[in-house]
Amino acid sequence: MDERRINLALQGGGAHGAFSWGVLDRLLDEDWLTISAISGTSAGALNGAALKGGLARNNGKAGRRAARDNLDHLWAQVGQRSDNRMVRWLHSVFPVLQGMDRLTELFSPLAWVDNLTRIFSPYDYGPFYVNPLGAVLRELPFADFSNDRGPQLFVAATNVRTGRIRVFTHAAATPDAVMASACLPTLFRAVEIRDPETGQLEAFWDGGFTGNPAMFPLYGQHLPRDIVIVNINPLLRDAIPRSPAQIADRVNEVSFNASLMADLRAINFVKRLFAEGRLQNRTMKNPLIHMIRDEVLMNDLTARSKLMPAPGLLARMKAAGQAAADTFLNDHADALNRHDTVDLSTLFAGSGIIG
């Protein structure tokens, strides 16, 4: 097959980000597929950094192999920390009396951690606090992703002071930026990064609040039109949530999909203008949108499982991502660089003004 160039938009979703690991692992099999840019948020930023670090080494098979090694190492480390060090870290961050440990065994670990985050702050740990994601990023086999080689990496985080999105790229896409993008404020302290333009030290939280993932960096004229979105949060959930846990889960999903839906609605509007011939002789870009997702799997999971990346869950997510990417390539490889494979007008049908 002739070369096809794409941009990747990687959603965040905690442990569910291992689904994107599987997707990327499968895409790396195709030497005709060139990844020109990656926009990642939270777990998507971790995946994007690992992918970029490998592909920056070499633009051929060696680079793809390095990217796969990075991704495998990343999620192996996340799983190991979940299995032992991460659990002990959570115990130490949240100062629960030792006598309560046995009591917590009577309840789901997911519910336990979720409830603790409503009571205790990561700032309660004092001066010995360490963000475990820092070590994960430093230990990547190919840890240099803050460079201009290979695909361009965009990392989205939320400025705590302004509430606005901030996208880090090129040399600014550092390990601190990736940690900021994955900084859930109930689990991690805000990551402070000095703004090179103002010189002011700014605090950042998870990018999912403002861009999950950030789409606008992928509209650059130097980049291909195709944007392949790897969805982690389900777009549709037919069952009405009734229990407190189900309600909280759906609120999480809707909240972390909100920015993506707003971006897709804007793209749909631009596409209508192009179809009506109202943007002829304009420099505005008409993106081609694709999605790789598994709505059945994501509907079977809960938002709470995002917090506990057990090795069994990670393996299941990776396998599902590989299968979803394989289906996408079989069904839509020929469409890349030619036309959309997502009908945005159908996606937004019935979501307009009533009255």
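**Exercise 1. Describe the hairpin of β5 and β6.**

Solution. Strands β5 and β6 form a hairpin with 6 residues between them. Gly-199 in the turn has a positive phi of about 75°. The model is predicted; local features need pLDDT of at least 70, side-chain atom pairs count only at pLDDT 80 or more, and totals for chains, interfaces and linings use all residues. Residues are numbered from 1 along each chain as its sequence is written, and side-chain values use heavy atoms, with hydrogens and water left out.

Next, the pairing. β5 (residues 191-194) and β6 (residues 201-206) run antiparallel, joined by 4 bridges. Strands pair if DSSP finds at least two bridges between them. Val-191 stands opposite Phe-204 in β6.

**Exercise 2. Sort the residues of β5 by face, covered or uncovered.**

Solution. Start with the rule. In a regular strand the side chains alternate between the two faces of the sheet. Now apply it. Val-191 and Ile-193 lie on the covered face of β5. Glu-192 and Arg-194 lie on the uncovered face.

**Exercise 3. Describe how α1 and α10 pack.**

Solution. Two packed helices are described by the angle between their axes and the distance between the axes. Helix α1 (residues 18-27) and helix α10 (residues 311-332) pack at about 45°, with axes 6 Å apart.

Then take the contact (heavy atoms within 4.5 Å). Trp-21 and Phe-19 of α1 are among its residues, as are Met-317 and Leu-314 of α10. By class, the contact has 11 nonpolar, 3 polar and 4 charged residues.

Methods
Axes are lines fitted to C-alpha atoms, for helices over the stretch in contact, and angles run from 0 to 180 degrees between N-to-C directions. Helices (H or I, at least four residues) and strands (E, at least two) are DSSP runs, numbered from the N terminus. Ala, Val, Leu, Ile, Met, Phe, Trp, Tyr, Cys and Pro count as nonpolar, Asp, Glu, Lys and Arg as charged, and the others, Gly among them, as polar. Buried means under 20% relative accessible area, exposed over 50%, partly exposed in between (1.4 Å probe, protein chains only).
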